[in-house]
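This briefing walks through a single protein chain, from its overall layout to selected residues. Please keep the sequence and the coordinates at hand while reading.

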Amino acid sequence: SQVSFEEESQNPPAVGHWNPLMPSKGDKEEPESGCQDAGGVQEPQSTEQLNVSRLRSSSVEIREKGSEFLRDELHKAQKELKLKDKECERLSKVREQLEQELEELTASLFEEAHKMVREANTKQAAAEKQLREARGKIDMLQAEVTALKTLVITSTPSSPNRELHPQLQSPAKAGFRKGHGRNKSTSSAMVSAASQNVAPEPVRECKEVDSILFAEFQAWKESPTLDKSCSFLDRIYREDVGPCLDFTKQELSELVQVAVEQNTLTIEPVASQAVPVGKVAAEECGGPKKCALSGLPRTCKHRIMLGDSGSYYYISPSCRARITAVCNFFTYIRYIQQGLVRQDVELMYWEVMRLRREMSLAKLGFYPSEM
């Protein structure tokens with residue numbers, strides 16, 4: 001045992017051997033050797049700590065660089081987002097502007113289309129009105145030509161006119177026409193020679209302007225209108241138009257007067273077109289042998305249509321003359337209202353008086369034989 005103890009005392013202590021906390025003064029060398037031994041162990045520990053600290057610093061640096069990169073990317077993304085927002089806002093404004101322009105264009109197109117339709121309707125109405133006025137003018141001209149034919153005295157060798165050649169009449173009748181009693185004692189040859197040398201004197205018509213009627217016409221001429229409330233037309237309605245269009249069938253007479261005032265009355269010969277079947281009853285429209293206005297059995301050569309109703313009414317020559325006279329009057333005053341008559345006021349006044357005279361004669365039953 002003593003040998004083993006000596007061997008153990010000669011061998012140095014192993015690493016990590018326990019040393020007393022408070023070494024003695026005599027044992028000064030042992031702690032130094034213990035420190036040297038501990039330093040050998042601490043050297044790899046410090047290296048590891050250095051490596052760990054380096055790793056920690058590098059990870060911190062990496063994190064900082066990563067966060068900085070992410071911040072840069074975030075800023076870039078924000079900038080791109082702002083640019084995209086501005087682009088979206090610009091595109092939305094462009095879209096709104098285009099929609100507004102499209103709405104304005106659509107509205108202008110609809111307005112232009114409606115304007116074209118209105119103009120077409122106006123032109124069509126004006127054309128139809130001119131057509132009706134032209135038909136009324138034709139009827140008026142036909143009536144004037146008929147009246148002129150009745151006034152003009154014609155004579156041909158094959159058909160001499162006894163009014164133009166009094167020598168063809170009996171001496172007694174010729175003497176009575178001349179009004180000279182001494183012609184009875186003269187010979188027929190002398191009467192014939194005298195009648196050939198003496199031309200028939202034209203009948204001169206004396207005219208005098210009525211101051212009241214002329215003043216009413218002048219007042220109406222200053223502002224021509226078709227309103228029957230003015231004094232000029234009110235008098236003509238009471239004295240001429242009303243009595244001239246006063247027929248036995250009162251209801252139909254009122255419709256005829258309204259159609260004449262609105263210029264929607266059509267007069268045509270019976271033989272021009274076939275009678276529409278099933279439009280109105282035979283009792284209402286009369287027939288070729290019965291007048292629809294007077295209700296009397298008359299030979300009807302014409303028929304009328306009120307507006308666009310398509311219903312025809314047969315009328316007698318007397319009724320046609322009365323309606324035509326009123327239509328001629330309204331046609332002339334419409335021409336004056338539209339400024340188509342370029343005449344002196346007095347000439348227009350006398351033309352109105354002539355048309356009133358035609359209405360007066362027609363309402364009394366006088367009409368040309370050609371009617």
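Read from the N terminus, the elements of the protein chain follow the order α-α-α-α-α-α-α-β-α-β-β-α-α, which amounts to 10 helices and three strands. The model is a predicted one, and every value below was computed from it.

- Of the 371 residues in the protein chain, 24% count as buried, and the chain exposes about 27200 Å², of which carbon and sulfur atoms supply 55%.
- Among the contacts in the protein chain with a separation of 6 or more, 67% are accounted for by residues 24 or more positions apart.

**The largest nonpolar core**

- The largest nonpolar core has 48 residues, and those touching the most other members are V241, L265, L293, I304, I323 and F329.
- At least two residues of this core come from each of α5 (211-222), α6, α7 (250-261), β1 (265-269), β2 (302-306), β3 (312-315), α9 and α10 (345-363), with α9 giving the most, namely 11 residues.
- F329, one of the residues that touch the most other members of the core, is in contact with L233, I236, V241, V352, L355 and M359 once residues up to four places away in sequence are set aside.

**Helix α9**

- Helix α9 covers residues 317-337, and its 21 residues, at 1.5 Å a residue, should span 30 Å, which agrees with the 30 Å that separates its end C-alpha atoms.
- Because 19 of its 21 residues are buried, α9 is largely enclosed by the rest of the structure.
- After α9 comes G339, a residue whose phi is positive, near 75°.

- The structure holds zero disulfides; C319 is accordingly in none, and the nearest cysteine sulfur, which belongs to C291, lies 3.6 Å away, whereas a disulfide would require the two sulfur atoms to be within 2.5 Å.
- C319 counts as buried because its relative accessibility is 3%, the cut-off for buried being under 20%.
- S316 sits in the loop between β3 and α9, and at 5% relative accessibility S316 also counts as buried.

- Although V270 and Y312 are 42 residues apart along the chain, their C-alpha atoms are separated by 9.9 Å.

- R235 belongs to helix α6, which runs over residues 231-244, and the side chain of R235 is joined to that of E216 by a polar contact of 2.9 Å.
- Beyond its neighbours within four places in sequence, R235 is in contact with I212, L213, E216, D240 and R356.

Key. Residues are numbered from 1 along each chain as its sequence is written. This is a predicted model: local features need pLDDT of at least 70, side-chain atom pairs count only at pLDDT 80 or more; totals for chains, interfaces and linings use all residues. Side-chain values use heavy atoms; hydrogens and water are left out. Helices (H or I, at least four residues) and strands (E, at least two) are DSSP runs, numbered from the N terminus. Buried means under 20% relative accessible area, exposed over 50%, partly exposed in between (1.4 Å probe, protein chains only). Contact means heavy atoms within 4.5 Å. Accessible areas come from the Shrake-Rupley method with a 1.4 Å probe; for residues, only the protein chains shown count as cover. The expected span of a helix is 1.5 Å times one less than its number of residues. A polar contact is a pair of N or O atoms within 3.5 Å; within protein, one must be able to donate a hydrogen and the other to accept it, and residues adjacent in sequence count only if both atoms are side-chain atoms. A nonpolar core is a set of buried Ala, Val, Leu, Ile, Met, Phe, Trp, Tyr and Cys residues joined through side-chain atoms within 4.5 Å.
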